[in-house]
Amino acid sequence: MKVVKAEYAGACYGVQRALDLAYRAAQEGEPTCTLGPLIHNPQVVAQLREAGVGAVDSVEDIPGGTMVVRSHGVVPEVIERARERGLRIVDATCPHVARAQKAAAHMARKGRFVVVVGEAGHPEVEGICAHARAAACRAQDASGEECAVAAVVDADQLPASVLRPGARVGVVVQTTQSREVFERVVSALEERGVDVEVKDTVCTATRQRQDAAAALAGNVDAFVVIGGRNSSNTTRLHEICKALCARSYHIESADELDSAWFDGCETVGVTAGASTPEDQIATVIARLERL
C-alpha cells in the first residue's frame, strides 16, 4: 500500500514556538506550569509533564515560578492575576492569535460590534472576545459591563442586532477556522447593508494544510488524519477529508490504526493537525507502510 503525505501537514510555527519556550523555561530550574494544555495534543502534553512542565486549570493552582501562556492565548484578567501573584510569565501565544486579539480590540475601541467567527468556548475564541470586551469597556470608561461581542460558527448564528442596515460591525476569525465559513459570515453582513470592517485572521498555515489535504483526499483510497481529538484544526481537517474520501479516519497515535480500515486499498493519504509534531507523523507513516 502506497502512503502519501500531504504537502503541508503537522506542527506549525506557532506550536513549535510554544514548545520551544516551554522547554526552555523548564530548563531554567524554576517550577513551570502551563495554564491548560499548551497545545491540543495529549501525547505532547504528557512529554512536557515528563520534562517538568505541568498543566493546571487556574492561576491559583500554580505554586510559584513560571506560568507559560499557551499558544491559544488567554483572557487579559489571567495575566493580571498572574502578575499579582508574582509569577514569571512566558507568553507563548501564537503570533497569529495575538494579531486576532489586537484586531478585535482595535475594532471594539472604535465602537463596533465585534463578531468573532469561531467556536464559542474554545480558548482562543474566549481570549479574542475578552480582549475586545476589555478594549470596549476602557474606551467607554465602563467597568465590567458586557460589551457587544459575539462568537458565531456560521452566518445563521449572527445576532439580529448586527443585521440592521447601517449597523457598525467588525469581523475577525479564529485562526484555525475554515475560510469558507468566514466568507459566508462576511457575505451575509454585506448583503444586509451593514457597515462592516473585516480583518482576515485565518492563519496561512491552517489554510495550507486544509488545501493540501483536500487536494490529496480526492486521489487516494483511504485517508488518515493525525492529531488530538480536542484540536479544532485537526477535527476540521478530518471533516474536509471525510467529505472527499469516505474512508477517512482521525487518530491520535499509530496504536489506533486498524488494518481492516485499509482492505483493498492501494493508496492512503496522511495529514496532521497543526499541533502534531513530525515524529508522531513519521511513526504513523511507518506503521501504515508495514500493513
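**Exercise 1.** Find which residues Glu-197 touches, not counting residues up to four places away in sequence.

*Solution.* Contact means heavy atoms within 4.5 Å. With that cut-off, Glu-197 touches His-106, Met-107, Lys-110, Arg-112, Val-169, Gly-170 and Val-171. The model is predicted: local features need pLDDT of at least 70, side-chain atom pairs count only at pLDDT 80 or more, and totals for chains, interfaces and linings use all residues. Residues are numbered from 1 along each chain as its sequence is written, and side-chain values use heavy atoms, with hydrogens and water left out.

**Exercise 2.** Determine which side chains make polar contacts with the side chain of Glu-197.

*Solution.* A polar contact is a pair of N or O atoms within 3.5 Å; within protein, one must be able to donate a hydrogen and the other to accept it, and residues adjacent in sequence count only if both atoms are side-chain atoms. Lys-110 is joined to Glu-197 at 2.9 Å. Arg-112 makes its polar contact with Glu-197 at 3.0 Å.

**Exercise 3.** Decide whether Glu-197 is buried or exposed.

*Solution.* Buried means under 20% relative accessible area, exposed over 50%, partly exposed in between (1.4 Å probe, protein chains only). Glu-197 counts as buried because its relative accessibility is 15%.

**Exercise 4.** Name the residues with the most contacts inside the largest nonpolar core.

*Solution.* A nonpolar core is a set of buried Ala, Val, Leu, Ile, Met, Phe, Trp, Tyr and Cys residues joined through side-chain atoms within 4.5 Å. The largest one has 20 residues, and Val-115, Val-117, Leu-158, Val-169, Val-171 and Leu-189 have the most contacts inside it.
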